[in-house]
Amino acid sequence: MRVAPSRILETIDRICLLGGAGVTGRARELARLYKAARSLAGEPLCAASARRLEATLHPGAAVLLLTGAGAPPRLPRGETDGPLGAAVLARGLVLAFGTRPLVVAEARFRGPIMATLDALADSAGDGSWRRAVRYAPFPSRRNSATRAAAALWDRVSPVAIISIERLGPNSRGVTHNVMGEDVTAAHAGVESLLTLARRRGVLTIGVGDRGNELGFGSIMTRRSRIASLARPCACPCRSTITCTVPAEVVVVASVSNWGAYAMVAGLAIRLGDARLLHHPKDETRMLKACVLAGARDGISAQRRLTVDALSLKLQRAVVTLLRGAVARLKASESNL
Ligand SMILES: [Zn+2]
């Protein structure tokens with residue numbers, strides 16, 4: 001196994017922190033979240049996640065991808081951050097390891113998730129991976145979550161769970177959106193799957209951009225960190241939006257989709273396989289399909305080709321930069 005140059009892995013992490021400028025306090029919030037995740041991982045986040053995935057995954061193994069965020073009436077079919085990251089990760093994991101990804105979400109998120117996967121398969125021109133990816137429904141009613149998680153677990157025996165922009169509960173059991181509103185009732189209790197994974201020693205990775213997502217419990221549990229990192233909530237629980245559900249690796253990015261792309265870029269470098277990462281044109285096709293299927297921008301709640309209020313142009317630019325970083329490794333190897 002080749003050792004990836006650490007400089008390129010650092011660059012990949014940094015590319016995925018772009019886009020915080022222009023919104024008061026956002027760049028500082030991102031930097032603090034990243035620092036905490038980095039200190040947990042002890043290496044670039046794309047490297048930590050890729051290393052753990054390579055050690056864990058094998059042909060035919062089931063991997064659960066949790067995504068789907070946003071509540072009616074603003075976001076009845078969820079937001080554009082999440083499905084694209086899940087699709088790119090699903091494709092990367094099938095191509096890299098021959099795994100069987102299952103995208104787990106409530107039925108109302110199914111349309112945008114499937115449309116995004118299909119768009120990537122059409123656009124990337126190598127759609128045979130698509131047949132290995134399935135959607136697994138998860139019941140919306142929170143009181144059946146524990147039973148549903150156990151049943152799904154028994155059926156597929158996953159070897160890893162990766163959560164991408166999936167909101168989770170704070171210390172009072174309340175799940176918040178980024179505005180600090182209580183959206184608990186609108187989100188299924190998929191965190192039960194992470195609880196099972198922890199008990200059984202199965203790999204968990206949480207990708208997020210604000211701290212209210214599953215996985216962030218690992219970096220936000222210390223009192224000092226909660227004070228410096230957590231956004232206050234705006235609901236009667238009078239706490240913070242910080243999700244207390246932990247994950248083994250936490251990936252912080254400006255946009256959660258980009259965190260998933262960083263993981264795939266990390267795998268591309270680790271395995272020396274540049275085809276794992278998608279193209280800017282695939283980004284456009286995926287975003288169009290996702291929005292057409294009902295997803296909206298998570299910040300503006302508009303049916304626009306944006307993710308977290310950041311333009312398609314910027315989404316494409318990040319993919320271009322990530323591809324450039326991966327290509328640098330290839331170039332440096334051919335110069336040896
Ligand atoms: Zn609250």
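**Figure 1. Helices and strands of the predicted model.** The protein chain contains 12 helices and 8 strands, and the structure shown is a predicted model. The C-alpha trace spans about 60 × 40 × 40 Å along its principal axes. For 336 residues, a compact globule would have a radius of gyration near 20 Å, and the 18 Å of the protein chain agrees with this value. Of the 336 residues, 54% count as buried. Among contacts between residues at least 6 apart in sequence, 79% join residues at least 24 apart.

**Figure 2. Helices α4 and α10 in contact.** Helix α4 covers residues 83-97 and helix α10 covers residues 256-271; their axes come within 7 Å and cross at roughly 15°. Angles under 35 degrees count as roughly parallel, and α4 and α10 are therefore roughly parallel to each other. The crossing in which α4 passes α10 is left-handed. On the α4 side, the contact is made by L84, G85, A86, V88, L89, G92 and A96. On the α10 side, it is made by S256, N257, G259, A260, Y261, M263, V264, L267 and L271. The residues of this contact of α4 with α10 comprise 11 nonpolar, 5 polar and no charged.

**Figure 3. Helices α1 and α3 in contact.** The axes of helix α1 (residues 6-15) and helix α3 (residues 45-56) come within 7 Å and cross at roughly 110°. Angles of 65 to 115 degrees count as roughly perpendicular, and α1 and α3 are therefore roughly perpendicular to each other. In this contact, L9, I12 and D13 of α1 meet L45, C46 and A47 of α3. The residues of the contact of α1 with α3 divide into 5 nonpolar, no polar and 1 charged.

**Figure 4. The surroundings of L45.** The residue L45 belongs to helix α3. A residue is buried if 20 or more other C-beta atoms lie within 10 Å of its own; L45 has 27 C-beta neighbours inside 10 Å and therefore counts as buried. When residues up to four places away in sequence are not counted, L45 touches D13, A37, R38, V251, V252 and A262.

**Figure 5. The cis peptide bond from P72 to P73.** The peptide bond that leads from P72 to P73 is cis, and its omega is near 5°. P73 is placed in the loop between β1 (62-66) and α4.

**Figure 6. E165, a residue with positive phi.** Although E165 is not a glycine, it has a positive phi of about 55°. E165 is located in the loop between β4 (160-164) and α7 (191-199). This residue, E165, counts as buried because it has 35 C-beta neighbours inside 10 Å.

**Figure 7. A301 and R304 in the loop between α11 and β7.** A301 is found in the loop between α11 and β7, and R304 also has its place between α11 (280-292) and β7 (306-307). A301 is not a glycine, yet it has a positive phi of about 60°. With 14 other C-beta atoms within 10 Å, A301 is partly exposed. R304 is likewise partly exposed, with 15 other C-beta atoms within 10 Å. Along the chain, R304 and P5 are 299 residues apart, and their C-alpha atoms are separated by 38 Å.

Conventions: Residues are numbered from 1 along each chain as its sequence is written. This is a predicted model: local features need pLDDT of at least 70, side-chain atom pairs count only at pLDDT 80 or more; totals for chains, interfaces and linings use all residues. Axes are lines fitted to C-alpha atoms, for helices over the stretch in contact, and angles run from 0 to 180 degrees between N-to-C directions. Helices (H or I, at least four residues) and strands (E, at least two) are DSSP runs, numbered from the N terminus. Angles under 35 degrees count as roughly parallel, over 145 as roughly antiparallel, 65 to 115 as roughly perpendicular and the rest as oblique. A crossing is left-handed if the near helix is turned anticlockwise from the far one by less than a right angle, and right-handed if clockwise. Two residues are in contact if their C-beta atoms, placed from the backbone, lie within 7 Å. Ala, Val, Leu, Ile, Met, Phe, Trp, Tyr, Cys and Pro count as nonpolar, Asp, Glu, Lys and Arg as charged, and the others, Gly among them, as polar. The radius of gyration is taken over C-alpha atoms; the globule rule is 2.2 Å times the number of residues to the power 0.38. A residue is buried if 20 or more other C-beta atoms lie within 10 Å of its own, exposed if 12 or fewer, and partly exposed in between; C-beta atoms are placed from the backbone.
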